[in-house]
Amino acid sequence: RQPDGTAVVFEDQHLSYDELNRRANRLAHRLIAQGVVPDARVAICAERSLEMVVGLLAILKAGGAYVPLDPASPSDRLAYMLGDCAPSVILTQGTLMQHVPIEASVPVLLLDDFESVFDTHTDHNPVVTALRAHHLAYVIYTSGSTGIPKGVMNEHHAVANRLHWMQQQFGIDAGDRVLQKTPFSFDVSVWEFFWPLLAGATIVLARPEGHKSPEYLRQLIDNAGVTTLHFVPSMLQTFVEHSGDWRAASVHRVFCSGEALPPALRAHFVSTWPDISLHNLYGPTEAAVDVTWFNCSKHTWTHLVPIGKPIANTRIYVLDPHGRPVPIGVAGEIHIGGVQVARGYLNRPELTAERFV
């Protein structure tokens, strides 16, 4: 990557790699001064913006684990997650202060008050000697089947494995622009943020709520020259249906996950944009993003779209209720093994013991 190369684009704002690093370093040093250490949680509640990217990167640089809080969430859900994760620090924006139920004992830093809050700190890369691969990178809450938010603890080695697999498989570089449109409380956003930064590519941030508008997304893709993006299948269906004769000239690859990909949608996509590769990914929040991959462009399955095979350093088993492998053609339950399996659920030892066998 080039220090003066563009790291992040948001509307008419640009951050170079050098400036992103400097800002993240200043904030990281402030977080360290506030007592952030490896495995400490730092809550971040922010709208999609340059400040959001700076905040996420700074938390990791400080050695902490980020806990994303979607500003669109109800205040009682935010209050529960804040109480459960017990953050060392809360990062937010001034416009959201009234929405975030903040405890008086928890320090709050405003990401959009950068000059007055962080400019006094050094912009050199912090050195966190205690940080190891098994420490937490993030805690993302999922409601699952119970409706009660559960914080899933994912570690650095798991996230690193997922990102390195994606780079080895697809090899983006400084010429690529990756669209970041997934709300950061969903784990797909992890690779949307950090894969381009790992590879020297550019993150193109959609405006807040922009991920819901196909028309806006088409304009953004064309104007920013987006090469790589993600859809959940239901949104991809809407996007395809409303695209008309739009050619998606800059796009090289599209990833799908989060729901089953219907075979009719796969066929429609491939016939509409034959030069764009389509990839089906699968993985629960309880593992670092995705654990299987299927290249939809190279294989023609008319009756279904498989979730594919395990990615690097990952194992997938299909087992019966007694934990025994089922024969070929027999239905069973997916079990995931390997480095990407999460540490467990935060503050839920009994549920962790039940699910992480």
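**A walk through strands, a helix and a cavity**

Guide: Welcome! In strand 4 of this predicted model, Val-67 is the bridge partner of Ala-43.

Visitor: How many bridges join strand 3 to strand 4?

Guide: Strand 3 covers residues 41-45, and the two strands run parallel. The pair Ala-43 and Val-67 is a place where they meet. The number of bridges joining strand 3 to strand 4 is four.

Visitor: Through which helix does the chain cross from strand 3 to strand 4?

Guide: The path is a β-α-β crossover, and it is right-handed.

Visitor: Are the residues on the two faces of strand 4 buried or exposed?

Guide: Side chains in a regular strand alternate between the two faces of the sheet. In strand 4 (residues 65-68), Ala-65 and Val-67 lie on one side, with Tyr-66 and Pro-68 on the other. Buried here means under 20% relative accessible area. Both faces are covered, and these four residues are all buried.

Visitor: What span does helix 1 reach from its first C-alpha to its last?

Guide: Helix 1 runs over residues 17-33, so it has 17 residues. At 1.5 Å a residue, 24 Å is expected. The helix comes close to that, reaching 24 Å.

Visitor: How many residues in the lining of the largest cavity are nonpolar?

Guide: This cavity holds about 50 Å³ of space. Its lining includes Phe-231, Trp-246 and Ile-276, and strand 11 and helix 8 each supply at least two residues. No polar and no charged residues are found in that lining, and the nonpolar ones number 12.

Technical notes. Residues numbered from 1 in each chain as written. Predicted model: local features only at pLDDT ≥ 70, side-chain atom pairs only at ≥ 80, totals over all residues. Heavy atoms only, no water. Buried < 20%, exposed > 50% of the residue type's maximum accessible area, 1.4 Å probe, protein only. Pairing = 2+ DSSP bridges. Right-handed = clockwise from strand over helix to strand, strands pointing away. Expected span 1.5 Å × (residues − 1). 1 Å grid on protein atoms, 1.4 Å probe; cavity = no way out; pocket = protein on both sides within 12 Å on 5 of 7 lines; lining within 4 Å. Points joined across faces, edges and corners; volume = space filled by probe spheres on them. Nonpolar A, V, L, I, M, F, W, Y, C, P; charged D, E, K, R; others polar.
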